[in-house]
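Please open the model in a viewer and keep the selection panel at hand. The stops below proceed from a whole chain to single residues.

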There are 2 protein chains.
Amino acid sequence: MLMTTASSQNEHKLANSVGIVTPQTLSIDTPLTLACGATLANYQLVYETYGTLNRDASNAILICHALSGDHHAAGYHHPNDKTPGWWDHYIGPGKAIDTEQFFVVGVNNIGSCRGSTGPASINPATGEAYGPDFPMVTCRDWVNTQAQLADFLGIKQWAAVVGGSLGGMQVQQWAIDFPDRLRHAVIIASSPKLSAQNIAFNEVARQAIMTDPDFHGGRFLKHNTLPKQGLMLARMLGHLTYLSDDLMGEKFGRELRTGSLKYSYDVEFQVESYLRYQGEKFATKSNFDANSYLLMTKALDYFDPASEHGDDLVSTFSHIKAASLVISFTTDWRFSPERSLEIVRALTQAGKRVVYAEVASSHGHDAFLLPNNYYEQVFSAYMKRVAEEVRS
Amino acid sequence: MLMTTASSQNEHKLANSVGIVTPQTLSIDTPLTLACGATLANYQLVYETYGTLNRDASNAILICHALSGDHHAAGYHHPNDKTPGWWDHYIGPGKAIDTEQFFVVGVNNIGSCRGSTGPASINPATGEAYGPDFPMVTCRDWVNTQAQLADFLGIKQWAAVVGGSLGGMQVQQWAIDFPDRLRHAVIIASSPKLSAQNIAFNEVARQAIMTDPDFHGGRFLKHNTLPKQGLMLARMLGHLTYLSDDLMGEKFGRELRTGSLKYSYDVEFQVESYLRYQGEKFATKSNFDANSYLLMTKALDYFDPASEHGDDLVSTFSHIKAASLVISFTTDWRFSPERSLEIVRALTQAGKRVVYAEVASSHGHDAFLLPNNYYEQVFSAYMKRVAEEVRS
């Protein structure tokens, strides 16, 4: 058995990643008019960068995050950090998004709660937290703020914009709204719009939060409380639907927590224990703002770019100039391969370059965050070509 | 346009059904020891019968209900009743379960809340409602009480025991526990046991109810309140998962309630309106007892007859004498065709007679309650053979 000290473990961990990273903040004073009609007089974006921007700023990659994600996509915040950024497996030296080749930008979206302006931020008009007064935000709004960040960083055109789930929706919005500002669109485990069933799941989660007596119409901070019950239920439901039936079967089966039936409402099956733990952890330890959770689910519901083009996805995609990589996962039933194929078919019919891969995985929607050989191969091979274009 | 009076409409409605029916009550004083170890000193069963029991009591059919069902499976309680019993489409004169041939018995299960002894009943030991002190019940317990009812009615052997979903689990339990007391088992949209995912959905529903501040550990009646929020969420979630993604797409798509986006948490999409309506109706108008809802979901979780036979379903079914009809529905993802096939395969391997039909339907799990030509044909044809056996 090899003995390693804590510090040598830390060294190894850091060497296999982008290392220690520090979030930065950009304050933007240009007023932002949102899709809902409201205007933010100013706002902050928190972001991280990994790798080095080359001289002509042609090697920049933007990472768009999903529902509860943030700007911290790779690396560690301090040497003793136990968990790296949420996509550390795919971003780093020699990884699919190779930080020795690319300058990678992760940004927290407005409306979220990880540092960029959102419901928990102070509303300059009142001197108090926005809370429920923070306006609705959409993928288009986010893409507009991300474009401001690109301007600030001197990036006229991204080598690629990349994202999974709600992040993949932002990638599509980039390709539609700013055709000249990205060369590649990497759309993972996503969809051209939510189905009625998906909206329904979001609605149950929202109702769980909004009917929690501690929600106080979104002004829970003023009441010195948090809608923990609602957040817990929303997270349990989310977690359950992001896993596949197969995986839950493999992982928990009908295994009992204690070996024999107790005939009580205490935890009986392992899967109950797991879900309760996940729900409670999110509600009590993640510090995720309930108003942000609501806003993020609404942004998912609202995304439907074809609605502006007579529900015709082909014509919606007709002005796209980026080449696309689309990836789906076999057991993902919230964003099924069929939904990714709708994107692929429309891009193909619109005459665009598109590579598609359906990855066999038992991990459901969560698969886009997890290690998987085939996924890694496809993703790496595609990004290598993107890097070669940059060098040539 | 044909003018009809309210009374002629009523006549037509009644003529096409078993007509006006009156629930009856059987009080049983034989103590019942439940699977959980608790004993009920006495209990009541509320039931209904349709049709006439023949001289040798060989034409009796038992209908087992699902989660929120009851004894009122067919006909009307009074002439102005707007909705008939829950399975009126399949039980009545000339229908699949033909009341001109069969004597049909519907019974409310103990632990439920429609008249049979349950959490809302008075606990003789305390003079107050049982509430959360009502013991856990299982399919086996229910089958034992139903056997008591059969004894009382003079039915030694059912021509068939029939049920969908949780009802289909009771049918399996009948066939396993009382092989000599039924000639046919009709198992519709059911499963040999819940999957981990199914248990997880039930657990989220239970947590929604149990964490409702108005639940008061199940003693909400004593606090003059009801856990309406929890019941609403549980029902929204149930409803959502009993429908198929296809049907929700057909029925609601992404249609907006008002024609344009409102960017608020009011109802935006039709599907939200539908789900909120269903949830609120159930929580405020159905008078369904929250403790009963919990008990019924636990009975679903606990059903797993193979667990007593080394997880071998073939050996579990080896002593069954009934012939079986098993029916599943293509878009039912809570009790998928694959789960019905597990039953079919095990019955076949155990050398039992079994007929299987997979019915194409867009209605998800709810399909077992709804009109469908092929379903009706298969069901009717099978029950005709059962009727012929009775006559021969």
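Select chain A first: its secondary structure comes to eleven helices and 14 strands, where helices (H or I, at least four residues) and strands (E, at least two) are DSSP runs numbered from the N terminus. The radius of gyration of chain A is 21 Å, close to the 21 Å that the globule rule gives for 392 residues, so the chain is as compact as a globular protein of that length; the radius is taken over C-alpha atoms, and the rule is 2.2 Å times the number of residues to the power 0.38.

This is a predicted model, in which local features need pLDDT of at least 70 and side-chain atom pairs count only at pLDDT 80 or more, while totals for chains, interfaces and linings use all residues. Residues are numbered from 1 along each chain as its sequence is written, and chains are lettered from A and ligands numbered from 1 in the order in which they are written.

Along its principal axes, the C-alpha trace of chain A spans about 65 × 60 × 45 Å. Of its 392 residues, 55% are buried; a residue is buried if 20 or more other C-beta atoms, placed from the backbone, lie within 10 Å of its own, exposed if 12 or fewer, and partly exposed in between.

Next, select residues 184-188 of chain A, strand E12(A), in which five of five residues are buried. His184(A), Val186(A) and Ile188(A) lie on one side, with Ala185(A) and Ile187(A) on the other. In a regular strand the side chains alternate between the two faces of the sheet.

- E11(A), residues 160-164, pairs with E12(A) in the parallel sense over four bridges; Gly163(A) has Ile187(A) as its bridge partner.
- E13(A), residues 323-329, pairs with E12(A) in the parallel sense over five bridges; the bridge partner of His184(A) is Ala323(A).

Now select helix H5(A), residues 228-242. Its 15 residues should span 21 Å at 1.5 Å a residue, and its end C-alpha atoms are 21 Å apart, which agrees; the expected span is 1.5 Å times one less than the number of residues. Because 13 of the 15 residues are buried, H5(A) is largely enclosed by the rest of the structure.

Finally, move to chain B and select Ala189(B), in the loop between strand E12 (184-188) and helix H4 (196-210). Ala189(B) has a positive phi of about 45° although it is not a glycine. Is this residue buried or exposed? Ala189(B) is buried, with 31 other C-beta atoms within 10 Å.

Methods:
Two strands pair if DSSP finds at least two bridges between them.
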